[in-house]
Amino acid sequence: MLFLISVTAGIEKSVHKQITGKGMKRRMEFIRKKQYTAMLDMEKDGVRYLQFPAFTKSGVCRHLFSTRIGGVSTGDIGTMNLSYSRGDLKENVDENFRRIAGVLGCDISDFVLSQQTHTTNVRLVTVADKGKGVTCVQDYRDVDGLITNEPGIVLSTFYADCVPLFFVDPIKKVIGLSHSGWRGTVGKIGKVTVEKMTGHYGCNPEDILAAVGPSICADCYEVSMDVADEFKNAFFEAENRDKIILPKSENKAMLDLWQANLAVLLQAGIRKEHITLPDICTACNKELLFSHRASGGKRGNMGAFLVLN
């Protein structure tokens with residue numbers, strides 16, 4: 001695999017070319033935000049996915065954020081749809097999970113799925129939960145965050161513009177994943193997740209590595225003033241508050257969920273140098289990633305996955 005990087009007009013683009021017997025085949029580029037750390041653009045057995053360098057270097061976990069590429073779903077939800085509630089065939093979604101399992105080196109029965117309803121509820125996951133949401137029925141509802149200290153359990157949350165939050169404590173060997181839409185960000189689910197990790201497992205926030213995953217960027221996320229006002233109230237003490245809400249007109253504002261979640265993670269006690277912000281926006285990359293905004297709601301779901309070695 002040959003990786004070429006080009007920089008134009010303040011946006012970093014990764015051009016990936018794969019050498020085959022018939023010559024050089026060019027893959028579609030990700031549009032990247034140059035000011036943030038580049039995510040790793042990976043491919044295995046035809047499944048294309050993203051990773052954070054800091055998590056890969058930690059050596060204590062396996063992780064990925066899926067793209068649209070490498071599955072069997074068709075149409076607006078093609079091809080790597082990981083939702084059973086977007087009109088897809090169950091056998092297609094099952095096969096897509098099998099392919100993700102292949103990349104992670106696990107079994108389809110190792111996944112534990114969230115049941116997202118934009119809450120700040122975080123569930124402590126054990127081996128008894130394995131398979132829930134994929135190979136067996138979930139016996140819980142309203143769960144937007146998952147934490148565990150047990151190896152081999154694949155924490156799984158799902159996205160199409162909202163913010164994935166990844167957490168790894170390499171000292172205590174504890175991991176967490178949380179879904180943070182605008183409501184979850186106002187409710188500071190990232191901070192709630194860290195508090196659960198410290199309360200249940202004795203983690204020190206200063207040891208935790210955290211990452212904000214691919215999601216909608218401030219250039220693409222216009223909100224009404226009632227939403228902006230909720231963020232003004234929730235983040236009035238944040239040092240970066242001027243970067244979170246960017247007024248656009250009398251009735252509209254642009255919202256930076258990445259900066260808002262950075263403020264949440266810092267407030268939770270995580271060291272700034274342990275926090276990775278994404279360089280990839282879902283709406284800017286609608287051909288490679290599912291985006292509710294960019295598609296007008298015609299989309300599947302991507303997944304964030306995290307498992308202890």
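I began with the second largest pocket, which holds about 430 Å³ of space. For a pocket I used a 1 Å grid over the protein atoms alone: an open set of points where a 1.4 Å probe fits, with protein on both sides within 12 Å along at least five of seven lines; lining residues have an atom within 4 Å of a point. Points join across faces, edges and corners, and the volume is the space filled by probe spheres set on them.

The model is predicted, so I kept local features at pLDDT of at least 70 and side-chain atom pairs at 80 or more, while totals for chains, interfaces and linings use all residues. Numbering runs from 1 along each chain as its sequence is written, and side-chain values use heavy atoms, without hydrogens or water.

I counted 21 lining residues in this second pocket; Asn240, Leu262, Ala263, Leu266 and Lys272 lie nearest its centre. H7 gives the largest share, six residues. Helices here are DSSP runs of H or I, at least four residues, and strands are runs of E, at least two, numbered from the N terminus.

Next I looked up the largest nonpolar core. Such a core joins buried Ala, Val, Leu, Ile, Met, Phe, Trp, Tyr and Cys residues through side-chain atoms within 4.5 Å; buried means under 20% relative accessible area with a 1.4 Å probe, protein chains only. It has 44 residues, and Phe167, Phe231 and Ile244 are among those touching the most other members. H7 (257-267) is one of the contributing elements, and its seven residues are the largest share.

Last, I checked the largest pocket. Its volume is about 730 Å³. Of its 28 lining residues, Gln116, Phe158, His179, Arg299 and Asn301 lie nearest the centre.

Definitions and conventions:
Buried means under 20% relative accessible area, exposed over 50%, partly exposed in between (1.4 Å probe, protein chains only).
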